[in-house]
Amino acid sequence: MLPAGYDAERGTVLFHQLLQDVRALPGVESAAIGRDLPLSVGGSVFDRLGDGFALLALAAGDECVMPFETAARDMDVPLAVVRDSRQDGRERYDAGLVLVRPDHFVAWVGDGEAPDVVRVLRRATGAGRRF
């Protein structure tokens with residue numbers, strides 16, 4: 001989806017400039033905009049993200065997902081879990097776990113080793129930061 005008055009080329013320039021500006025902010029280590037892709041059960045990823053944080057669990061097992069669910073519940077972070085395979089275009093996410101912020105920016109990606117999920121969620125939500 002592009003803002004009104006933008007064609008595909010102008011929209012691409014806008015999004016690249018936006019990402020460059022966000023990456024230049026103090027404390028930002030990386031930034032990406034979530035990509036909307038179809039799900040095997042119908043609908044699309046963006047249809048299932050909801051209003052809070054979302055964890056895309058693409059071919060990820062319970063041992064990877066449950067720590068996120070537990071930490072989010074303990075921290076009162078709204079978290080929708082979207083489970084699906086890593087096929088039919090969803091392999092473009094380049095990771096089995098993708099944490100998406102409410103504004104659809106990707107907060108964290110991971111594969112393999114379980115991260116310190118509390119640290120990941122604290123950083124993604126800004127918990128404990130002083131402004």
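This is a predicted model: local features need pLDDT of at least 70, side-chain atom pairs count only at pLDDT 80 or more; totals for chains, interfaces and linings use all residues.
Reader: Why is valine 120 called buried?

Author: Buried means under 20% relative accessible area, exposed over 50%, and partly exposed in between, with a 1.4 Å probe and protein chains only. Valine 120 has 12% relative accessibility, so it counts as buried.

Reader: Where is valine 120 found, and what is it in contact with?

Author: Valine 120 is found in helix α4, residues 117–125. Helices are DSSP runs of H or I with at least four residues, strands are runs of E with at least two, and both are numbered from the N terminus. Contact means heavy atoms within 4.5 Å. Leaving aside neighbours within four places in sequence, valine 120 is in contact with Phe68, Leu99, Trp108 and Pro115.

Reader: How do you know that the buried residues of α4 line one face?

Author: The buried residues of α4 are Val117, Val120, Leu121 and Ala124. Seen down the helix axis, they fall within an arc of 95°, so they line one face of α4. The arc is that of the directions from the helix axis to the C-beta atoms. An α-helix has 3.6 residues a turn, so residues three or four places apart point the same way.

Reader: What covers the buried residues of α4?

Author: The cover includes β1, α3, β3 and β4. Helix α4 lies across β1, β3 and β4, running at about 30° to β3. Such angles run from 0 to 180 degrees between N-to-C directions, the axes being lines fitted to C-alpha atoms, for helices over the stretch in contact. Helix α3 lies across β1, β2, β3 and β4, at about 170° to β2.

Reader: What makes a set of residues a nonpolar core, and which members of the largest one touch the most others?

Author: A nonpolar core is a set of buried Ala, Val, Leu, Ile, Met, Phe, Trp, Tyr and Cys residues joined through side-chain atoms within 4.5 Å. The largest has 17 residues, of which Leu55, Ala60, Val65, Phe68, Leu97, Leu99 and Trp108 touch the most other members. At least two residues each come from β1 (53–58), α3 (62–74), β3 (97–100) and α4. The most come from α3, with five. Another core lies apart from this one and has eleven residues, among them Leu49, Ala54, Val82 and Val106.

Reader: Why are β2 and β4 called edge strands?

Author: Two strands pair if DSSP finds at least two bridges between them. Four strands form an open sheet in the order β2-β1-β3-β4, with mixed pairing. Strands β2 (79–84) and β4 each have a single partner strand, so one side of each is left without a neighbour in the sheet.

Reader: What makes β1 and β3 partners?

Author: Four bridges join β1 to β3, and the two run antiparallel; the cut-off is at least two bridges. Alanine 57 stands opposite leucine 97 in β3.

Reader: Why is the contact between aspartate 62 and arginine 83 called a salt bridge?

Author: A salt bridge is a side-chain nitrogen of Lys or Arg within 4 Å of a carboxyl oxygen of Asp or Glu. The N to O distance for aspartate 62 and arginine 83 is 2.9 Å, and their side chains meet in a salt bridge. Aspartate 62 lies in helix α3 and arginine 83 in strand β2, so the pair ties together parts 21 residues apart in sequence.

Reader: How many salt bridges does this rule give?

Author: The count comes to two. Aspartate 103 also forms a salt bridge with arginine 101, the closest N and O atoms being 2.4 Å apart. Aspartate 103 has a relative accessible area of 43%, so it is partly exposed. Arginine 101, at 31%, also counts as partly exposed.

Reader: Why is aspartate 76 called exposed, and what is its phi?

Author: Aspartate 76 has 70% relative accessibility, so it counts as exposed. Its place is in the loop between α3 and β2. Aspartate 76 has a positive phi of about 60° although it is not a glycine. Most residues other than glycine have a negative phi.

Technical notes: Residues are numbered from 1 along each chain as its sequence is written. Side-chain values use heavy atoms; hydrogens and water are left out.
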